[in-house]
Amino acid sequence: MGMYRKFTPEYREEAVKMVIESGRPIAAVARDLGLNEGTLGNWVTKYRDEHPASEELDIAERARLKELEKENRELRMERDFLKKGVSRTLKVVGG
């Protein structure tokens, strides 16, 4: 006869939060916690069924998303510019 481990509702909730909030795969979180992937997957599925996420963004969320996308583009351009400067400096110093 197999032995089953019992988990408290609080433990299950914390494990599910680790998957949902971190965005990490269920398999990775299950491995870290020493859980069966299927068990954690069942907990996550049950949570998602009981707490459906709204797909629609309200006006404030859309505005914030647009703002963050713009900031992200600007930061990427700055990063690329700085990378080019560093690589040129290294060529001059090393050459």
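User: Let's start with Leu 40. Leaving aside neighbours within four places in sequence, what is it in contact with?
Analyst: This is a predicted model. In it, Leu 40 is in contact with Ala 15, Val 16, Val 19, Ile 26, Val 29, Ala 30 and Leu 35, once neighbours within four places in sequence are set aside.

User: Which residues make up the largest nonpolar core?
Analyst: That core has ten residues, and Leu 40 is one of them.

User: OK, α3 itself. Which of its residues are buried?
Analyst: Leu 40, Gly 41, Trp 43 and Val 44. Looking down the axis of α3, these buried residues fall within an arc of 160°, so they line one face of the helix.

User: And what's exposed on the other side?
Analyst: Asn 42, Asp 49 and Glu 50 are exposed there.

User: What covers the buried face?
Analyst: The cover for the buried residues of α3 includes α1 (9–22) and α2 (26–33).

User: How far does α3 reach, end to end?
Analyst: It runs over residues 37–50 and reaches 20 Å from first C-alpha to last, close to the expected 20 Å.

User: Switching to α2: what's buried?
Analyst: Ala 28, Val 29 and Ala 30 are, and what covers the buried residues of α2 includes α1 and α3. Just after α2, Gly 34 takes a positive phi of about 75°.

Methods. Residues numbered from 1 in each chain as written. Predicted model: local features only at pLDDT ≥ 70, side-chain atom pairs only at ≥ 80, totals over all residues. Heavy atoms only, no water. Helix = DSSP H or I, 4+ residues; strand = E, 2+ residues; numbered from the N terminus. Expected span 1.5 Å × (residues − 1). Buried < 20%, exposed > 50% of the residue type's maximum accessible area, 1.4 Å probe, protein only. Arc of directions from axis to C-beta. Contact = heavy atoms within 4.5 Å. Core = buried A, V, L, I, M, F, W, Y, C linked by side-chain atoms within 4.5 Å.
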